[in-house]
Amino acid sequence: MNKTLRLIHTMLKMQYSMAGKSTGEKLGYLFLLLFLVPFAFIFISLMNSIVATLYQQLAPTGNENALLGLLFVGITFILFFVSLSSILSSFYFAEDIEGFIPYPFHPYQLLAGKAAAPFISLYLTSGVLMVPILTLFGIHSGASFIYYLYAFILFIIFPVVPFTVVAIILMFFMRYANIAKNKDRTKVFAGLLSFVFIIGFNIIIRLNQDPGQTAEGAAALIQEQNGLLDLITGMVPTAYFSTMALNYARELSGLLFLLLMLAISTGAVLLFLLAGQKLYFKGILGLTAGSRKTFDPHKVTRKIKHQPVVAAMIKKELRIIFRTPTFFMQCVVQSLFAPVFLIVILLFESSSSSFSMLGTMLGQFQGKTSLLLLFVFSLFILGVNPASYSSISRDGRNWPANLYLPVHPEAVIFSKAATAWLINLLSILLLAIIGIAVLNMPPGLFALWVGLTLLASWFTSLVGTALDLNQPKLHWTDEQEVFKSRLISLFALLIEMGAFGFIVIIIWNIDAVEGLWMTALLLALLLAGAIAISHVVLKRLIRTHYHNTI
Amino acid sequence: MISINHVTKEFAGKTAVKNLDLVIPDGKIFGFLGPNGAGKSTTIKMITGILPIDNGTITVNGFDITREPMKAKKIFGYVPDSPDVFLRLKGIEYLNFIGDVYDLPRDIREEKIDYLTKSFGIYEALDDYIQTYSHGMRQKTVISGVLLHDPDVWILDEPLSGLDPKSSYTLKEMMREHAAKGNTVFFSTHVLEVVEQLCDEVAIINSGQLQFRGNMKEMKEQFEADENLERVFLELTNNE
């Protein structure tokens, strides 16, 4: 046990240590915390009004516990999703496990250590909703001390079951998924799975949705006590048991439900460790990197070709992003997420004609309004471009190669920004397809919108690259660290929102600017100005930071 | 020729290299020795432009690495201490990338890749990812990349570590041939037998300062003739 705790401690320390973080970064976290304080107040008062309203609505029919049921069911689904990505990254994507395998640890000990980090993220996630809602519900229902004690215990044990279910499914999958014998491909495949999971979940919900029927059913159920709870928690027994434990906290049955939850959670932990002992090592050890194939000298010769150094640099960057599972997931898949999601929604909603009308509506708007709206919308969908703010950090220990090879620093940095721009092109392409095929946008508007989005994308690529060059994270042991626990995405978001917000507000408020073409021209000019400034800043950073990154 | 003139480098108040003055002449294999943390890698990183120099200058064949970095970098080839570079590329992609960086014409590139990778026995692995290579194969890939553009000055940080006897022999022969043609070969090592076999001259550095510079004969003459190199080294570096 001692050894297991030691292992958990070491693994957590490696993941969350502040060592090596600059004072600036630590100050940044402090500011973030301070920034969160007013936000938390707003959040809690919002929660309070929701809980109070629902409680008053449901209490007369004795259905107030449906609120708790809804919370536990919602939390279960959120935990499923968070577990999926955090288990994958901690159990399989993090390379550090290979460093622990040679030591005399049992698989279950390693598994317990590896589960610690995902569990922290699970508690943080569930805490955001569970702590305020359970407390507020307690206040509104005038609950006793035992309710709060039970609520605390449930907060601790509730994530165990969703976590175990996801972990066992994943371990089973990873144990047998390596038929391809290719570690990287398996990683990407597993990563894409979570992507498909969300989209698929969305589609299923949409397919099952029949608004009229659901409302009628709910109305009937609401007549009987606990009827709504049964409906909501029908598929998630632990949510039902937890709700009942809290609902009958003053009675013996409440205690029995709590004991049942404790028994289920203990069983889940044991099952998890047992399954881990059997499946986990085989899952990771089976992941051999690469495969031997027959060698073809002509294939090799064909790959030898002469190209300009910037093209070679961009090609190298793209290869590394697409071949490194973490980079691929963060830089490519995640940026495609919003556009793909949008397509799914649009395809399923197109029958209701509300979206197909959107294109016609855009045509009827003033040229200025529709262009500005579309521009803001596409920026919102494109987001902050992770490929740009990981430009330098992705190189990690390979970074010195940029310093000793005879490539001009500007060529290195601008080819990295260009790579980020090229990756964004995929999302822009998807947006363009939506614009033409689904929304039937007028061609003039469409062309201007795409052109401006391409310019804006170059600006975000430059800003992200500059931010990363300013404070790169090169000393990482696991690729996840390039993206995790860094404030850089927040800074990128603030700068980009600030710049674009400024530009759009200016144009929106100048009445002299009207019509599509004039708006586009002014937008393009302002964007060009922003791009010119970021070019200057980036070049300055290259002079001051390029050789001082190590 | 590499010329290191009164070079100093500090890290957070700690002096890693102190007023180092050293000339590595053409036509010789020059060994750079010192215990762990003596300042060898820091010196090599300053020569190659990886670390900025706090004080002093370094020139490679007359080009200042700080003032004319592109010209200096085109002249040398550098093998870093860790060969774990660009693991997600295939061997051939890495070599082709290096070829593009040095702007090598296609025919020369093809011929050199063929010759070097066959000499080191990695030709048939060229279409595999570097990640799947053993440490030695990665080392050979990096060395092949460095020799691709036929640099005048070779700078090698622990180049023989991880190489099998045959590849180690091949590389040593290549080093000898290169120096014999009047070029510079500068390498760091911990392995004293290699120094004894291979070096025309050596420099020993300890705590960032030069302890000795001269040829093998001079080094042994400074001490009792019957002492082996290991004892000489230990004595020079104060048995650290």
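Colleague: How do you know how far to trust chain A?

Modeller: By its pLDDT, the predictor's confidence from 0 to 100. The mean for chain A is 82, and 83% of its residues reach 70 or more.

Colleague: Which stretch of chain A has a pLDDT below 50?

Modeller: Residues 287–291 of chain A. In the model this stretch has 15 contacts beyond near neighbours in sequence. Where pLDDT is low, predicted coordinates should not be read in detail.

Colleague: What is the secondary structure of chain A?

Modeller: Chain A comes to 23 helices and 0 strands. Of its 550 residues, 35% are buried. That label needs 20 or more other C-beta atoms within 10 Å of a residue's own.

Colleague: What share of the contacts in chain A joins residues 24 or more positions apart?

Modeller: The share is 85%, counting contacts with a separation of 6 or more.

Colleague: What makes a set of residues a nonpolar core?

Modeller: The residues must be buried, of the listed nonpolar types, and joined through C-beta atoms within 7 Å. The largest such set here has 127 residues. Those with the most contacts inside it include A:Leu371, A:Phe375 and A:Leu452, along with B:Ile155, B:Val185 and B:Phe186.

Colleague: Which helix gives the most to this core?

Modeller: Helix H21 of chain A, residues 443–470, with 12 residues. A second, separate core has 53 residues, among them A:Phe91, A:Leu110, A:Phe158 and A:Phe272.

Colleague: What does A:Leu452 touch?

Modeller: Leaving out residues up to four places away in sequence, A:Leu452 touches A:Phe375, A:Ala520, A:Leu523, A:Ala524 and A:Leu527. Touching here means C-beta atoms within 7 Å.

Colleague: Why is helix H5 of chain A called kinked?

Modeller: The bend is the angle between axes fitted to the seven residues ending at a point and the seven starting there. In H5, residues 107–141 of chain A, there is a kink of about 45° centred on A:Gly127. Just after H5(A), A:Gly142 takes a positive phi of about 60°.

Colleague: How many residues does each chain bring to the contact?

Modeller: Chain A brings 31 residues and chain B brings 34 residues. H14(A) supplies the largest share of chain A's side, 6 residues. By class, that side has 15 nonpolar, 9 polar and 7 charged residues.

Colleague: Why are E2 and E5 of chain B said to stand at the edges?

Modeller: The open sheet has 4 strands in the order E2-E1-E4-E5, with antiparallel pairing. E2 (14–24) and E5 (63–64) each have a single partner strand, so one side of each is left without a neighbour in the sheet.

Colleague: How do you know that E4(B) and E5(B) pair?

Modeller: Pairing needs at least two bridges. E4, residues 55–60, and E5(B) have 2 bridges, in the antiparallel sense. They therefore meet the cut-off. B:Thr59 has B:Asp64 as its bridge partner in E5(B).

Colleague: What makes strand E9 of chain B largely enclosed?

Modeller: 5 of the 6 residues of E9, residues 201–206, are buried, so the rest of the structure largely encloses this strand.

Colleague: Which strands pair with E9(B)?

Modeller: Among them are E3 (residues 29–33), running parallel over 4 bridges, and E10 (residues 209–215), antiparallel over 6 bridges. B:Gly31 stands opposite B:Val202 in E9(B). B:Glu201 stands opposite B:Asn215 in E10(B).

Terms used
Residues numbered from 1 in each chain as written. Chains lettered and ligands numbered in written order. Predicted model: local features only at pLDDT ≥ 70, side-chain atom pairs only at ≥ 80, totals over all residues. Buried ≥ 20, exposed ≤ 12 C-beta atoms within 10 Å, placed from the backbone. Contact = placed C-beta atoms within 7 Å. Nonpolar A, V, L, I, M, F, W, Y, C, P; charged D, E, K, R; others polar.
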